[in-house]
Amino acid sequence: MEKNQVHEELRQRIEKGGAEKYHQKNSEKGKMFVRDRLKMLFDEDLDIEDAFFANCMDESLPADGVVTGIGKVNGQTVCVMANDSTVKAGSWGKRTVEKIIRIQETAMKLEVPMLYLVDSAGARITDQIEMFPNRRGAGRIFYNQVKMSGRVPQICLLFGPSAAGGAYIPAFCDIVVMVDGNASMYLGSPRMAEKVIGEKVTLEEMGGARMHCSVSGVGDVLASSEQEAIEYAQKYLTFFPENFRSKPPVQEAFDPETFEKSISELIPENQNAPFDMYELIKRLIDKDSFCEIKREFAKELITGLGRINGQAVGIIANQPRMKGGVLFHDSADKAAKFIQLCDAFNIPLVFLADIPGFMIGTKVERAGIIRHGAKMISAMSEASVPKISVIVRKAYGAGLYAMAGPAFEPDVTIALPTAQIAVMGPEAAVNAVYANKIAELPEEERPAFIKEKHEEYKENIDIYRLASEMIIDDIVQPDDLREHLNKRLQAYQSKNLTFTERKHGVYPV
Amino acid sequence: MLKEVVATMAGNVWKVVVNEGDQVETGTDVVILESMKMEIPVAAETNGTVKELKVNEGDFVNEGDVIAVIE
């Protein structure tokens with residue numbers, strides 16, 4: 001055969017991936033072929049592919065089960081590794097691992113985002129000596145991820161399993177998007193769990209996408225299809241600079257969606273009544289710009305990226321509609337990672353506080369709410385990006401601290417005219433101070449006494465009094481809030497702050 | 001199919017909003033808890049009929065306790 005023909009046939013064979021029956025099996029599950037995923041993800045397919053011929057002497061292992069290369073998403077250069085689950089279930093052999101390590105090294109040299117499209121059964125046991133324990137074995141992939149963290153964005157799209165050691169690729173990424181029904185993460189399969197610890201459990205229950213996105217918090221975004229997952233990644237990337245040295249790109253500005261109810265009509269007068277914080281967020285940000293992270297997890301706190309007049313912001317907002325907006329261990333944990341993500345890539349933070357405090361009681365103490373709360377406060381303190389704290393309705397107790405209260409160097413603390421800031425709410429405070437007195441009073445005199453003390457207390461924590469003391473910097477009319485935030489964000493663009501000098505903090509994790 | 005409505009957090013049952021036999025939709029409030037001095041609505045996560053209410057106003061419920069059963 002002619003040399004060119006040999007080359008062409010080999011190229012075509014490799015491009016096809018594994019055997020037809022595996023393609024068939026994948027498509028029955030709604031899974032695309034790896035090269036089709038890449039076509040959908042990139043503006044125009046991969047621009048450059050590396051080690052296409054890896055393991056080409058073995059006919060059964062085209063590209064050694066992984067595609068690596070460079071392409072453009074929204075015009076921005078990114079590096080990618082993508083498992084091919086039609087090749088030995090996307091398992092990792094010696095060359096698979098080497099390819100992944102090399103593309104990570106490329107991403108580090110170019111200082112561009114790294115995308116991991118994961119769909120892999122884990123280590124190829126037959127190759128273990130070559131791919132597991134050595135210096136450039138699978139461990140190096142994770143070592144590299146840790147090194148890259150905060151230098152370039154790292155995004156994981158999970159289309160299939162991510163098993164055993166492989167489950168650490170998502171764990172070290174900034175964000176994990178999981179496809180419902182197909183994606184899973186677990187250290188030991190259900191079969192192994194039954195053998196080793198005697199537990200009978202299904203894959204969905206133990207490590208499915210829905211579980212990880214709503215219970216464990218290891219997953220961040222639950223996508224209903226591969227296309228939805230890819231579209232999410234494309235939108236997410238529009239908020240990020242290519243690396244930590246640059247600022248997020250400013251996009252075209254849009255007005256917020258229009259609504260019948262204005263912000264002032266939206267916020268209930270009664271401090272204790274629930275309202276839906278999403279309604280406020282939608283009125284503050286550019287239309288359709290919201291890109292939420294961990295929507296299904298710890299819903300009492302909302303975290304997401306959005307734009308105000310084209311400028312990227314990270315929003316951390318209490319959700320009074322869920323659990324009263326009280327902070328729990330999981331929501332504090334969720335906030336800590338989100339704050340770190342934004343701070344690492346120079347995305348300003350806007351805190352929307354409507355918080356009665358941290359949850360109390362046996363359950364949360366046993367779950368370590370104190371250290372999780374401390375973790376959130378550490379991340380928030382350390383964030384050196386522009387930091388704007390808005391007291392929407394109330395900030396009580398340590399809730400004020402966690403939501404970037406005045407002591408934590410926000411660039412500004414602003415409040416709506418009806419907002420309250422206090423150690424605790426009026427009911428709790430009157431009860432704490434006057435419980436004995438109330439008990440001594442004849443029953444019929446109690447309500448009047450309590451009401452009088454409530455009024456006294458409210459006067460004491462009046463927001464204009466706090467503004468007069470310069471505890472808060474400004475009081476803003478609800479319907480002017482977006483414009484106010486816009487001006488502040490513009491003004492703070494050149495903020496340049498080094499938090500402190502040291503090797504690194506000892507974090508309460 | 002039966003689906004349970006569970007308490008999202010520890011607190012007291014302040015108001016029971018529905019009656020047994022009522023039709024509810026996803027997002028309809030079933031009870032309002034009072035916890036941390038806040039009103040905490042607990043909503044149905046499915047469409048259906050309220051088959052059974054397991055709590056009375058004033059009861060203490062822990063996170064995860066069953067409040068109602070929807071059919």
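Predicted model: local features only at pLDDT ≥ 70, side-chain atom pairs only at ≥ 80, totals over all residues.
Colleague: Noted! How many bridges join β1(B) to β8(B)?

Modeller: Four bridges join them, and the two strands run antiparallel. Strand β8 of chain B covers residues 66–70.

Colleague: What is the order of strands in the open sheet that holds β1 and β8 of chain B?

Modeller: The order is β1-β8-β6-β3, with antiparallel pairing. In chain B, β1 (3–6) and β3 (23–24) stand at the edges with a single partner strand each, so one side of each has no neighbour in the sheet.

Colleague: And which strands form the open sheet with β4 of chain B in it?

Modeller: Those are β5, β4, β2 and β7 of chain B, in that order, and the pairing is antiparallel here too. Here β5 (38–43) and β7 (60–61) of chain B are the edge strands; each has a single partner, so one side of each is left without a neighbour in the sheet.

Colleague: How is β2 of chain B joined to β7(B)?

Modeller: By two bridges, with the strands running antiparallel; β2 spans residues 11–16 of chain B. For example, Gly11(B) has Val61(B) in β7(B) as its bridge partner.

Colleague: What does UniProt say about residues 1–71 of chain B?

Modeller: An unreviewed UniProt entry annotates them as "domain: Lipoyl-binding". In the model, that span is 0% helix and 54% strand, and its end C-alpha atoms lie 6 Å apart.

Colleague: With which residue does Arg321(A) form a salt bridge?

Modeller: With Asp29(B), where the closest N and O atoms are 3.2 Å apart. The count between chain A and chain B is one salt bridge, along with five residue pairs in polar contact.

Colleague: How many salt bridges turn up over all chains?

Modeller: A search of the whole structure finds 29. One example is Arg11(A) with Glu15(A), the closest N and O atoms being 3.3 Å apart. Both lie in helix α1 (residues 3–15) of chain A, four residues apart, about one turn of the helix.

Colleague: Last one: where does Arg488(A) lie, and which residues is it in contact with beyond its sequence neighbours?

Modeller: Arg488(A) lies in helix α21 (residues 481–491) of chain A. Leaving aside neighbours within four places in sequence, Arg488(A) is in contact with Ile388(A), Val412(A), Ile414(A) and Asp474(A).

Colleague: And what feature does UniProt place at residues 258–504 of chain A?

Modeller: The feature is "domain: CoA carboxyltransferase C-terminal", from an unreviewed entry. That span is 40% helix and 18% strand, and its end C-alpha atoms lie 45 Å apart.

Terms used: Residues numbered from 1 in each chain as written. Chains lettered and ligands numbered in written order. Heavy atoms only, no water. Salt bridge = Lys/Arg side-chain N within 4 Å of Asp/Glu carboxyl O. Polar contact = N/O pair within 3.5 Å; in protein donor to acceptor, adjacent residues only side chain to side chain. Pairing = 2+ DSSP bridges. UniProt positions renumbered as here; feature names shortened; annotations may be inferred. Contact = heavy atoms within 4.5 Å.
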